Amino acid sequence: MNYYRLYVLSAAGHFLGFEEIEADDDAEARRRAEKFAGERPLELWCGSRKVVSIPAAAPASGAGRTAL
């Protein structure tokens, strides 16, 4: 079992927090990390090795608009 940290970043790239992930390998850790994808960019690390960067999801088209 490997231990990973999924870092949550601001739009400017500043550290906001993290989630710990345990997984057998990078592929499993990446699948688990992608479930956290949303409005903030993410970086998945295993020790000092960056596994993947996950960009912030684009807002849905028309989100927040009210039909007239």
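**Entry 1: ground rules**

I began with the conventions: residues are numbered from 1 along each chain as its sequence is written, and side-chain values use heavy atoms, with hydrogens and water left out. Since the model is predicted, local features need pLDDT of at least 70 and side-chain atom pairs count only at pLDDT 80 or more, while totals for chains, interfaces and linings use all residues.

**Entry 2**

I looked at the strands first (strands are DSSP runs of E with at least two residues, and helices are runs of H or I with at least four, numbered from the N terminus). β1 and β2 run antiparallel and are joined by eight bridges; two strands pair if DSSP finds at least two bridges between them. Together they form a hairpin with five residues between them. In the turn, Gly 13 has a positive phi of about 90°. Further along, I found Tyr 3 standing opposite Glu 22 in β2.

Next came Ser 10, in the loop between β1 (2-9) and β2 (15-23). Is Ser 10 buried or exposed? Ser 10 is buried, because its relative accessible area is 12%; the cut-offs are under 20% for buried, over 50% for exposed and partly exposed in between, with a 1.4 Å probe and protein chains only. Apart from residues up to four places away in sequence, Ser 10 touches Leu 16, Arg 40 and Pro 41, where contact means heavy atoms within 4.5 Å.

**Entry 3: Ala 23**

I then checked Ala 23, which sits in strand β2. Its relative accessible area is 0%, so Ala 23 is buried. Ala 23 and Met 1 are 22 residues apart in sequence, yet their C-alpha atoms are 5.6 Å apart in space. With neighbours within four places in sequence set aside, the contacts of Ala 23 are Met 1, Asn 2, Tyr 4, Glu 28 and Ala 29.

**Entry 4: helix α1**

Which residues of helix α1 are buried? In this helix, residues 26-34, they are Glu 28, Ala 29 and Ala 33. They lie on the same side of α1 because they cover an arc of only 135° around the axis, the arc being that of the directions from the helix axis to the C-beta atoms. The buried residues of α1 pack against β1, β2, β3 (42-46) and β4 (49-54).

At the start of α1, I saw a side-chain oxygen of Asp 25 within 3.3 Å of the backbone nitrogen of Ala 27.

Glu 28 got its own look. Glu 28 is buried because its relative accessible area is 16%. Beyond its neighbours within four places in sequence, Glu 28 is in contact with Glu 22 and Ala 23.

**Entry 5: the nonpolar core**

I asked which residues make up the largest nonpolar core. There are 11 residues in all: Tyr 4, Leu 6, Ile 21, Ala 23, Ala 29, Ala 33, Leu 42, Leu 44, Cys 46, Val 52 and Ile 54. Such a core is a set of buried Ala, Val, Leu, Ile, Met, Phe, Trp, Tyr and Cys residues joined through side-chain atoms within 4.5 Å. At least two residues of this core come from each of β1, β2, α1, β3 and β4. β3 gives the largest share, three residues.

**Entry 6: salt bridges**

How many salt bridges does a search of the whole structure find? The search finds five, each being a side-chain nitrogen of Lys or Arg within 4 Å of a carboxyl oxygen of Asp or Glu.

- Arg 49 and Asp 26 meet at 2.8 Å. Arg 49 lies in strand β4 and Asp 26 in helix α1, so this pair ties together parts that are 23 residues apart in sequence. Arg 49 is partly exposed at 39% relative accessibility, and Asp 26 is partly exposed at 29%.
- Glu 28 and Arg 32 meet at 2.5 Å. They are separated by about one helical turn because they are four residues apart in helix α1. Arg 32 counts as partly exposed at 37% relative accessibility.
- Glu 43 and Lys 50 meet at 3.6 Å. Lys 50 counts as partly exposed at 41% relative accessibility.

How values were computed:
A polar contact is a pair of N or O atoms within 3.5 Å; within protein, one must be able to donate a hydrogen and the other to accept it, and residues adjacent in sequence count only if both atoms are side-chain atoms.
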